[in-house]
Amino acid sequence: MNKKPLLVSIPHSGEKIVDECAWLKDLDEVTLMYDVDRFVDQMYESVLSKYNIPKVVTEYHRYVVDCNRWPTDVDCDSVEGSEKPSGSHPTGLHWRKTTAGYILLKKPLSQNLHKDIIKKYYTDFFKAIDSIYESFHQRRENNIYHLDLHSMPSHGTTAHRDPGEDRVDIVIGNEKGRTATAEWTEQVSAAYRHQGFHVRLNHPYTGGTIVEKYGCPQEGRQALMIELNRKLYMDEKTKKIIPDKAKAVKERLNKAISEVYHHLPLAVE
């Protein structure tokens, strides 16, 4: 049984393409995997299993539906009838184009398809997270801690807030202090630093829908987004894992999450 009120979400490692999204079927691997947080679930799997930390991992590709977006994050380019202007959500709930600029959606989705995709491939992800929170509440936990795990390209593109910048190993986002206390943010940051990772806070990523939705320190819920630099464990050009590098990084991640876990209070019995 998990003895600590800690949970993990991984919204962008899924690679499954569904029949409804025919426009994704014939893409080459590099294009299809360009913005996927590929292998993040594998990088953390052993330590999450070791401590029986509950996790929610989507199996669906983020180009099918992005589970770190709000259902309203659509524009008239991505969904028919949207009142939001062209170009306002090119990488929203339904990705119109990749961060490399490749056009995925040649025309906007119908309202019916948009709603169907949300119902089939989006809603259950959040229901699963809600269920974990409810299980902690039933144990009368006063404080719940949530890590939302991602990966990031090693350089910012023109689609990012930091075009052309080289990125550090780990970026931690707490929506500029809104989704987690400074104390817990520093505990998590220190755990990664102790394993030799260079860490930066809230740049270029501050968080996203998941930490915004669940992180509320005033109500005893803390949520952090963790971005892992892809160059540490994979070939960013081919989108393939590099086994030796990945093994070494997994060991460091294992120790970092172990430190985070052991700093948390024991669960209420």
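1. Accessible surface. The chain exposes about 12,400 Å² of accessible surface, and 49% of that belongs to carbon and sulfur atoms. Areas come from the Shrake-Rupley method with a 1.4 Å probe; for residues, only the protein chains shown count as cover.

2. Basis. This is a predicted model: local features need pLDDT of at least 70, side-chain atom pairs count only at pLDDT 80 or more, and totals for chains, interfaces and linings use all residues. Residues are numbered from 1 along each chain as its sequence is written, and side-chain values use heavy atoms, with hydrogens and water left out.

3. Overall fold. The chain has 7 helices and 8 strands. These are DSSP runs numbered from the N terminus (helices H or I, at least four residues; strands E, at least two). The C-alpha atoms fill a box of roughly 50 × 40 × 30 Å along the principal axes. The radius of gyration is 18 Å, which agrees with the value near 18 Å for a compact globule of 269 residues. That radius is taken over C-alpha atoms, and the globule rule is 2.2 Å times the number of residues to the power 0.38.

4. Of the 269 residues, 54% are buried (under 20% relative accessible area, 1.4 Å probe, protein chains only). Take contacts (heavy atoms within 4.5 Å) between residues at least 6 apart in sequence: 77% join residues at least 24 apart.

5. Helix H7. Residues 243-263 form H7, with 21 residues. Its first and last C-alpha atoms are 30 Å apart, close to the 30 Å expected at 1.5 Å a residue (1.5 Å times one less than the number of residues). Buried residues of H7 include Ala246, Val249, Leu253, Ala256 and Val260. The helix's buried residues pack against several elements, among them strand S1 (6-10), helix H2 (40-50) and strand S3 (144-152).

6. Aromatic pairs. Rings of Phe, Tyr and Trp (its six-membered ring) pair if their centres lie within 6.5 Å; planes under 30 degrees apart are stacked, over 60 edge-to-face, the rest tilted. The count is 8 aromatic pairs. One of them, Tyr63 with Trp95, is tilted, at 5.4 Å centre to centre and 45° between the planes. The two residues are 32 apart, both in the loop between S2 (55-57) and H3 (111-121). Tyr63 is buried at 1% relative accessible area, and Trp95 is buried at 3%. Separately, Tyr122, Phe125 and Phe126 form one aromatic cluster.

7. Charges over rings. The criterion is NZ of Lys or CZ of Arg within 6 Å of the ring centre and within 35 degrees of the ring normal. Lys4 lies over the face of Tyr261, 4.7 Å from the ring centre. Arg252 has its charged end over the ring of Phe197, 4.0 Å from the centre.

How values were computed:
Buried < 20%, exposed > 50% of the residue type's maximum accessible area, 1.4 Å probe, protein only.
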